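Please keep the sequence and the model in view while reading.

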Amino acid sequence: FYSLPEDTLDVLIVGSSKINHTYNPLVINSELGLDSYSLSAHGMGLKEMYPVIKEAFETQSPKVVAIDLYQVGIQDNDLQANASRHRVFDAMHLSYNKVSAVLSQVPLNESLEYFLPFEINHSQWKELSLADLNPFKEHPLPATRYFGYYIVDYGISADKYTPLPADYLNDTTMMDIPEDRLSELARISALCKEHGAQLVFVVSPSFGADKFGYVEMHQLVNGTRPFAEEKGITILDYNTLLLDGEMSYYDFTDAHHTNTLGADKVSRAFARDLKNDFPDQLSGCTEDWDISEKMKEYRGILDEMKNSLP
């Protein structure tokens with residue numbers, strides 16, 4: 001992200017792996033003729049989003065900022081939260097923003113590892129390999145990344161898929177959103193407003209009735225909607241793509257992540273929604289980055305996946 005030419009970014013998409021598996025800037029850029037970026041990290045929590053967006057505003061002036069609502073409902077345990085913070089803060093340049101963000105979440109006497117990450121494994125660094133750090137042992141680590149988006153070229157089998165029920169949207173149950181989470185959303189909203197950016201909430205496709213499958217996600221959307229309407233924030237729910245058969249099992253790597261086939265569909269839907277909902281914000285945007293070579297590579301991978309479908 002730091003290597004991007006200053007003040008060229010138009011659409012910023014922030015969040016966890018739900019973002020870097022789902023929103024492909026190559027597709028969005030080609031559809032809209034502008035420049036978008038997926039500024040994401042696996043497991044990024046709601047508390048990390050504010051400093052990440054603030055960091056982006058240091059060098060860029062995006063007209064639209066999108067964040068995934070999934071993290072509003074997830075409560076990580078201490079170990080997961082620590083790992084998530086490292087994935088966000090280790091790559092961030094040293095600044096007042098980084099220092100204040102770290103110290104707002106961890107005590108001073110536990111903060112050194114966020115500024116000198118090698119301190120954690122200093123006694124075994126010679127023994128560690130990339131494979132040791134890969135939590136997805138059954139699949140290779142994604143090797144190709146485009147503007148923050150991961151190419152993921154494997155999918156699930158039909159028997160692992162749980163379709164959304166036809167009456168999915170009829171559930172009016174509202175999840176109770178804790179006040180501290182609404183406060184974080186309010187901070188992000190105020191930051192975007194200060195910089196003249198339109199904030200958007202996105203819901204990335206997922207399936208299943210387990211924790212934060214489609215049922216809880218829809219209830220979270222219902223619970224967030226009053227806040228969003230008060231702040232003038234649009235909610236784009238891409239779980240609806242699963243209702244009309246536009247997406248199916250072969251578009252997913254698991255219940256919470258799309259592969260490249262699914263990401264292509266969501267990215268095109270996201271581009272259409274931005275074009276329809278925010279024409280004024282995007283009217284002066286131009287495509288400043290040359291993506292032609294990357295698009296050739298991407299289209300080759302996409303065609304190969306489409307040809308492998310049953």
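In which loop is the place of Asp244? Asp244 belongs to the loop between strand 7 and strand 8 (252–254); helices (H or I, at least four residues) and strands (E, at least two) are DSSP runs, numbered from the N terminus.

## Basis of the model

This is a predicted model, in which local features need pLDDT of at least 70 and side-chain atom pairs count only at pLDDT 80 or more, while totals for chains, interfaces and linings use all residues. Residues are numbered from 1 along each chain as its sequence is written, and side-chain values use heavy atoms, with hydrogens and water left out.

Five strands form an open sheet in the order 2-1-3-6-7, with parallel pairing; two strands pair if DSSP finds at least two bridges between them. Strand 2 (36–40) and strand 7 (234–237) are the edge strands, and each pairs on one side only. From one strand to the next, the twist averages 25 degrees. Axes here are lines fitted to C-alpha atoms, for helices over the stretch in contact, and angles run from 0 to 180 degrees between N-to-C directions.

Strand 6 (residues 198–203) pairs with strand 7 in the parallel sense over four bridges. Within this pairing, Phe201 stands opposite Ile235 and Val203 stands opposite Asp237. Strand 3 and strand 6 also pair in the parallel sense, over five bridges, and Asp68 stands opposite Val202 of strand 6. Six of the six residues of strand 6 are buried, where buried means under 20% relative accessible area, exposed over 50% and partly exposed in between (1.4 Å probe, protein chains only). Gln198, Val200 and Val202 point one way from the strand, and Leu199, Phe201 and Val203 point the other way.

## Helices on the sheet

Helix 9 (residues 214–231) lies across strand 6 and strand 7 and runs at about 165 degrees to strand 6. Contact, as used below, means heavy atoms within 4.5 Å.

Helix 3 (residues 46–59) and helix 8 have axes that come within 9 Å and cross at roughly 10 degrees. The two helices are therefore roughly parallel to each other; the cut-offs are under 35 degrees for roughly parallel, over 145 for roughly antiparallel, 65 to 115 for roughly perpendicular, and oblique for the rest. On the side of helix 3 the contact is made by Leu46, Lys47, Met49, Tyr50, Ile53, Lys54 and Phe57. Helix 8 contributes Arg181, Glu184, Leu185, Arg187, Ile188, Leu191 and Cys192.

## Aromatic rings and charges

A pair of aromatic rings is described by the distance of the centres and the angle of the planes. Rings of Phe, Tyr and Trp (its six-membered ring) pair if their centres lie within 6.5 Å; planes under 30 degrees apart count as stacked, over 60 as edge-to-face and the rest as tilted. The structure holds twelve aromatic pairs. The rings of Tyr249 and Tyr250 have centres 5.2 Å apart and planes at 70 degrees, so this pair is edge-to-face. Tyr250 is partly exposed, at a relative accessible area of 26%. Elsewhere, ring pairs join Phe1, Tyr2 and Tyr37 into a cluster.

Two charged side chains sit over rings, which requires NZ of Lys or CZ of Arg within 6 Å of the ring centre and within 35 degrees of the ring normal. The charged end of Lys18 sits over the ring of Tyr70, 4.8 Å from its centre. For Arg145 the ring is that of Tyr150, with the charged end 4.1 Å from the centre.

## Positive phi and loop positions

Most residues other than glycine have a negative phi, and most peptide bonds are trans. Asp7 has a positive phi, near 55 degrees. Asp7 lies in the segment before strand 1 (11–15) and is exposed, with a relative accessible area of 53%. Phe147 also has a positive phi, near 50 degrees. Its place is the loop between strand 4 (145–146) and strand 5 (149–150), and Phe147 is buried at 15% relative accessible area.

Asp244 counts as exposed at 56% relative accessibility. Its C-alpha atom is separated by 27 Å from that of Ile74, 170 residues away along the chain. Ile74 sits in the loop between helix 4 (70–73) and helix 5 (78–89) and is buried, with a relative accessible area of 15%. Leaving aside neighbours within four places in sequence, Ile74 is in contact with Arg181 and Phe212.
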